[in-house]
Amino acid sequence: MTDYPHKVVLASAGTGKTYALTSQYLKLLFNGENPEEILATTFTRKAAGEIRDRIFERIVEAINNPAEREMLANEIDTPLTEEECKQKLVAFVRHLDLIQISTIDAFFMRLVKLFSHDLGLPAQWGIVSEKNEEEQILEALASMIRSEGVAKVMAILNGLQAAGKRSVYQELQNVVKAMRSIHLESTLEAWDCIEPLPSPKLEEISNAIAALDGFEVPLTQAGTPRKNWETAISNIKSCLPLAITNGNWKDFLALTPVQRSLNLNEEINYSGVEIPESFIQPVKVLGAKAAHDITVQLRKKNIEIRGFLDQLELELSELKHRQSKFAFSDLPLLLTRGIQGVGESADIAYRLDTSIRHLLLDEFQDTNPTQWRVLQPFTSQILTNREIGSYFCVGDVKQSIYGWRQGEPRLLGSMSSLFPDLQEETLSRSYRSSPVILETANRVFSNLALAIDVIAEGDKVWGQGAQEWMENYPSHQSADHLQDLPGAAYLIEARAKNAGETHWDPLLDRLIERIMLLVEDRPDLSIGVLVRSNKPIPSILNRLQAVGIHASGEGGSTIDDSQVVLHFLSLLHFADHPGDSAALYHAQTSPFWSSELLPILDSNDPETNASALRSLLLENGYGKFAASLLTTMTERPEYGDWDRRRFNQLIDIAFSYDQDPTPGRISDFIGHIRNVKVENPSVASVRVMTVHRAKGLEFDAVFMPELQKPLINSRLGILAERPDPEDLYKRVSFAPSKNLREALGGTLEELMESHTSRELQEALCVLYVAMTRAKQHLELIVTAPSKTNTAKTYANLLRHALGNRDPDENGVIWSHPTTHPQWASSFKQRESSTSENTLATGRGPSLAPTIGLRHLQRRSPSDHYSGNSIHVSDLFQSPSELAIRGQVIHRLYEEVDWLESFKWNGDYLYSLIRHFAVTEEKLQQWLYEFRESLELSSVQKLLNQKSQPESIDGKPVAWSSWRERRFCISLASDDGTEILWNGIIDRVNIATTDDGLTTIAASVIDFKTDAFSDEQLVDKVNIYRPQLTTYRQVLSRITALAENEIDAGLLFLDGNRYVPIDSA
Amino acid sequence: MAAVVPKRIFLGWGKPLVAEAVSWLINEYSEGFANLVIGVPGGRASWHVRELLAQSQANTLPPPKVVTAGRIPEEILEYDITPASPFLQSLVWQKALLKLGEDELQILTTNKNLVDGDGLVFADEIQGLYRELAGEGHWFSTLSETLPVDTPDREKARWHILAKVEKIKDELLEGMSFCDPQNTRHQLIEKHHINSEKQIVLLGLPDMNNVLKSLISEIPERVTILIGAPETLSATFDEYGAPRVEHWGYRPTELTLEDWRVAEDPAQQAELTIQSLESFQGMYRAEQISVGVPDHSVSPYIQRKFEEDGIVGRDAAGTPISKSTPTVLLGAVATFLSTKEFSAYAWLLRHPDIQETLPFQNSATQDLDRYFNEHFPVRITDKWFSGSRQQDKERKERLERNYEQVEELLGELGSVKKMTLRMWVPVLKRFLETIYGSRTLLPHVYESDRVLAETFEQFLIVFENCEHIPDGVASRMGSAEAIDFVLRELSSIHIPPGAHQDLVPTIELLGWLELALDDAPALIITGMNNGSVPAPLSYTGWLPDSLRSHLGLDHRDRRFARDAYILEFLLHAKERIQVISGQRTIDGDPVLPSRLLLNVDEERIAAYAQHALEPTPPRHGQSEGQLGENFLFFPSVDLESSIPDVLPVTAFRTYLQSPYMFYLDHIQRLETIDDTAQELDAAGFGNLAHYVLEYFGNSKAKNSESPKEIRDVLFQGLDWYCRNRFGNNAKPAIDIQIQQLRHRLTQFADEQAQRRSEGWIIQDVESNTQKDFIVDDVSQTIRGRIDRIDKNERTGQWAILDYKTPNTVKDPQREHKSQSGEWTDLQLPLYWFMLQDLIGSSPCSVGYVNVIPDQTAFMTCSAHDMDMDDAIDTASEIIRSIRNRQWSALGKPQLFGEDIFADLCGEGLVGGMQVEIDDD
Ligand code: SF4
């Protein structure tokens, strides 16, 4: 086989990552590899689809266009003819169902499905929705509180400094949010990483206290005790008792002279004098005691929390099994934990029905170690044995912004050292951005260390973090064909906020103003407004909409931003909670109330109305219910196009929600509507989204207005360190508050440093990803600092990296030297691709008028005797013995042609009725009764051939019988519609002419085994008459006799009565 | 063996297949069909055959039996022993599995939970696997000989264990005098126990299984296979009428690109379906058109689009029975019985069929909601709480009576007995009869009645199956388990759509395999996607494709050939055909078109592949969702509403924030309620604290300077109150919250003792105060409940205090005025004003007692610092505005997330009020 080099490709933004990956795929394909043996994974569904599409497109282009073919041939080092390309495409398409290009989640899903029994999963399991996953956690917490007891949970809350806080769940959920994923990825010992620092001896401590007691406060030049020192000493005295007894050192360590004595910063003076040794000495002893206490507490707290998380995980796992619902993130865990022994690649290959010989891993920097542990065996098998296949991974350490999902960019970095066979390739030529953009990025990131040095005031950890980041930053260049592409890049300042304003007010003003400036000339440009968090998106969208710019979010938004949706939800909420007068008011003041719903909402009692609504929902489902309101909604002037679109989306969501076979509470549906995100079908030219969403996208222009955010979130939850990127976290601890932390050093300081460094790296990645989304235009918008602002924010980083100058009259602090302000209007307008924006008309498709039904109505004559209506109570009567007896007797009469020729054979007859579910005794009895009934005069009269007239209308006739005559015949009913009659006639006596060719007469006999009194007889006959009439109609059709030439009657065996139905 | 092979008749493919087949039948069987069995793929086709026969001139002859192909063996073979129903088989498989040793079971599944329903699902899977193999004459017990040599040990071990299970299963069935229809069928065929003279005609069965094949091979002379293809293609079908893989697996499709549209998502597939209909240009009536839905998730979108255009989409798949009213009811009953949880009761009580029976219907759910929010019950217990107020007592009574009624309805179901399924059946019937017995259904008139009648019919079938389960197969069980059992049996059942009776344009939605036997001249097939057509094979974890193909089971290539044939058949048989594929599934996964559509030769492949990637542009462009003139949110108020005689002090704060919110709260007096809380919210927590502090304020300990004494009384009050309100049945977090409050009260005790030692004496607590406010010569009563009034015994100073229980300190000054000096609350000034008679000119401070975690802070300021006169003026101004009905300004209401008030205020609406963004 062909020898393929194993490759790791480090691809900066816009350098054709997908292109490189698809090239590799095509190379394998054209070298004759089987598509099912090539596994290509990425992280989003969109990207997976894109890779798949690109592969197709490139082959198609190679067929259609010789130049493209040439290029492809070069790319894959194989000469190609048009014919070969066609053949390859035909072959590829034949394997369409086997190709493995998917998200990594989908691949894991497939593995887990194949091994679900081995992994102990419930027989029918599924993936839990995001919202339900939160509910699972809540439920697990609740059952944990129940099982652990109040005291234990209180202890945990105390440990979290949450004693007395109102919301128990909020506190616990915060822990879960911050720590669960780390807990799952850590060793038990990791949580016991805090070595308590040694404590000074008791004697030393009391000496120190005594020394401070007797400490002589330094004097002023005037000879009076220094005020600040006095206060400090008194503060020390007041907080020491609590510190010594309870270990609560927080206040003590917060005092400035204490901090300075402990040398936590370089300052050695306090309040104008050098801190005397007689102060420093005892403070250092107490500081040591503090450090001891705090580390002991911290260790205890860490272990406690680990216990809590262990327990939670148990509860959660049990719950997941019980509900048969798992999260995508559970899959790799299940696989790594449960599949030991299945790890045999032969076993996996057997069930996959293919071995995986080629691995292509996209966005490798986002892989987390748990995922990697599943992929690793595949990888190392390939990498350690050239015979097997090939390995290819591509990623960019600079774009690793999924730390919160435990994405581990160091895996990418360490690939080539783990596997020396790997060829490393770096791509830095951008096929996306103009030189202005890339030079701006180059400038920011090459000045990174300098800028960080300024804002972090020389902090080494920050400096090193920046340095490390820069190592992965090759200078970026535009591809040749983009060299002349004009562009613009600005650092812009918005005015400072006024009192009572938020930061956002001036920022929004400036943002809107700047966007309008650009859009005015070129409404066709694609513009991305990129932010850090979801929160400001609605406001930005709203502001843009308000000035008439169409804008949309990315990755969908929930639909509850429309009046009509809220009205609808209130209506539903009311149905579930009729006591909610607010919901009722909201629904009642909406156009819905008076619409089609009015007939069912006819009561003054909310409870009755709500119940009627629930009943309607139960019967129709949400989709149909919502759709039934569409007309009202479309006609009402209260609602606009926006509402119409949203309501249509609501109906779609509702219909698919209805596919879930088990209905739940209405509130579940409301929750679903509130949570489900809908992609905007038409992409507006201005899109507002988080940087995370923007990954993989590109825009003509990018605006970044949320730069006032700190680079590193100051709220620290937990510190965790994973020394080996492939392995688990080896040290985990709570982050103590800043003062305490600084007193401790050691493990904590190391953890803190690695944490800071990681966070900083990620922050820089976010900035990098955002800036490199731009093709031609980039605006970084910062607020004017209200005071001197030294915060470690994106804004300050950019100011220092780009040149910290005062803004000009347009607010421009910096612009790229070759910025071409009018590039947009001078640049040729592209053809507008947006189609006409007309709302779909309600006009239906033209069909020829309906004239008939697709199916005949199906009826059985026996339907008749209940008069078309069913009494439900009748249904639940157990099939009585009487009914079974009737069936038995019917079966036996089927055997009787004519009595004269009927030979009794008890065994044979018994064998016919043996299968009826009654005792043998009963059957024998009925057999006996049947035999008796044969002697009845009515039976004799009807079933003796001799009893039948020998001639009719003077013509001699021959008699024969039809028993259990089946029929299936279509007859026109009175109103002209055709009905498919389907059934069985018990018996027909048929008279034919001697030659048997012409039917002269017929009589329908219906055996009845009911018991009845004489008074009931008339009723019975009335009930059965329609049935017999239909039989007669059917028979008339079959025999071509007129209906009045056919007799029909009921033979009541138990009463020895034959009643012709024509009798009154 | 000189093979006699069944007769194959090629009916051509230019015309509707069933119609062709029926003409052929009428010709061939002029004597009548008395001995004829016709096998077709599904129920729908069997009715179609019957319909055409019933309308033909042959309708006077005795009709043939038309059955689905799977039933043919039952028509021809004669069993000596009763075959076990599928239901019984599952139970026996489960029992057999449980007889395995733990080590052995481990090899099949490490799921420990096989005793209950989950085990039955697993047993069903094993049974299905068994059936799949049996269809081709393989058995677990013989499989090990047939497996390829290189099969991994892990797999061999599984089959080995399954062989053992199979043996146990057979023994169990034998012991109960039942047979397994699968292997018995094979034995009967082998022994040629074919006792019938019947003739067999098979129609539209391109993939019959081995049972049928071996049956046919026993009686080939009596079998005719009707094939929808021209005679010229006869070599491309095998002797059983199956398309040969060698031909159909490679025969390029004749589909043209004009007839193939590509949609982005399911909704657009529906859109394109409408477009396709339009492309027929009125040539067809609705009843002449069918829509294929191989991917059933597209179906609701199509039905919805049809509905907009006045067309009924009749989904042949029907609706799952799990959605019918009685099924939902039984589900709710089972959940309630097995958990006795309050939430399950709340769900049960909301079922319209239950609610109808309740004595206090008109408050049933409201009572429950109110009760829930007071007492946070977890389970329904014997004890319903009541409070001291009359309305609480009445509510308790109603709740109790309703509960008694429900218990009565449940009857024996409510007992804790464990019985066999058979014994539960009459109990279940009685329950259903109690609820539904009095109804009279008109299934031919009302669709909902028809669904109900069909549902009951299915219930009765399952009940009957249950009654025939020999004792000892299923263990005795409680009522909830019995219901679960019945519901599980019902779960896969769908209620077929009703026959439409009115002349409404109706288009049928059909599954892929139903299309070939559907005679409509025009067809639109949606969902032609990879993964839907050909449909994926089942039991992939057990039977990889290579094993399937090795064992001669249905496999990938065979399915492809079959479906390729079906598509080509359709392309020929239909006058018009349109095919739609999508690019995304309902879950948003990217998806490729079916291989069938790309099954073309090298000349066309590039064009087809390109086509697959390009969605058809929407013909009416989607609306951009422009905001019309009316997009801005305006609160609407009813200016006729009357103003309450008495206004609470809190109303002023509300008005200052948002006049509209004031309107909703105090004019309309709206409240919002649900039953989802897991713990006390801020107001609930505050009320709890208030209650305990009131208890303290009325106790002797209020004069104590001992923190311990104060604490003891507080705890006493807390414990007493909580016992009476929550018992030991409250949601788990409540207990913790009580402890959290205890923590706060501990701090309070210390601070209170300190304050008492400074001379402060509690004068009054929770003091209800009213005062008339004269504005423009008209009086307005204002009412307030003042948490606490202190007087200092040493200084004679008064203090008006309000308890606050947030997580962090609140400063009275900052709560009352904004940074720019605007009033934001008037509570303390109004209290002060209302107490003027009491206080007179004595010095007075006003403020908060912050009962917060880790400390309690008395935050007060002198009344004069509050600028009382200005506050009172502001209050007058507000009263004036209220009287002027200035209620519609939105202001900045304080909203707490997702509640209905936020909706009423248009929070988060496009064009409405925006959530504020923090600076960080
Ligand atoms: S304890 Fe009470 S007063 Fe308090 S809410 Fe319950 S029923 Fe009403």
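Which residues have the most contacts inside the largest nonpolar core?

**View 1. The largest nonpolar core of the predicted model.** This core has 138 residues, and those with the most contacts inside it are B:Phe140, B:Trp159, B:Leu413 and B:Leu714. When neighbours within four places in sequence are left aside, B:Trp159 is in contact with B:Leu129, B:Leu133, B:Phe140, B:Leu143 and B:Leu147, and also with B:Trp542, B:Leu543 and B:Leu547. Another core, of 123 residues, lies apart from this one, and B:Leu226, B:Leu571, B:Ala573 and B:Tyr608 are among its members.

**View 2. The shell of residues around the ligand.** Two helices of chain B, H17 (364–375) and H18 (390–410), each supply at least two residues of the shell.

**View 3. The largest cavity.** The structure holds six cavities of 30 Å³ or more, and the largest of them has a volume of about 80 Å³. Its lining is made of 13 residues, of which B:Tyr371, B:Pro377, B:Arg379, B:Lys383 and B:Asn729 are the closest to the centre of the cavity. By class, eight residues of this lining are nonpolar, three are polar and two are charged.

**View 4. The second largest cavity, lined by residues of chain A.** This cavity has a volume of about 60 Å³, and the residues that line it include A:Leu530, A:Val531, A:Arg532, A:Glu706 and A:Tyr794. Strand E14 (527–531) and helix H31 (746–771) of chain A are the elements that give two or more residues to the lining. In this lining eight residues are nonpolar and two are charged, while no polar residue is found.

View 5. Most residues other than glycine have a negative phi, and most peptide bonds are trans. A:Gln406 counts as buried because its relative accessible area is 11%, which is under the cut-off of 20%. B:His192 is partly exposed, with a relative accessible area of 36%.

Conventions
Residues numbered from 1 in each chain as written. Chains lettered and ligands numbered in written order. Predicted model: local features only at pLDDT ≥ 70, side-chain atom pairs only at ≥ 80, totals over all residues. Heavy atoms only, no water. Core = buried A, V, L, I, M, F, W, Y, C linked by side-chain atoms within 4.5 Å. Buried < 20%, exposed > 50% of the residue type's maximum accessible area, 1.4 Å probe, protein only. Contact = heavy atoms within 4.5 Å. Near = heavy atom within 4 Å. Helix = DSSP H or I, 4+ residues; strand = E, 2+ residues; numbered from the N terminus. 1 Å grid on protein atoms, 1.4 Å probe; cavity = no way out; pocket = protein on both sides within 12 Å on 5 of 7 lines; lining within 4 Å. Points joined across faces, edges and corners; volume = space filled by probe spheres on them. Nonpolar A, V, L, I, M, F, W, Y, C, P; charged D, E, K, R; others polar.
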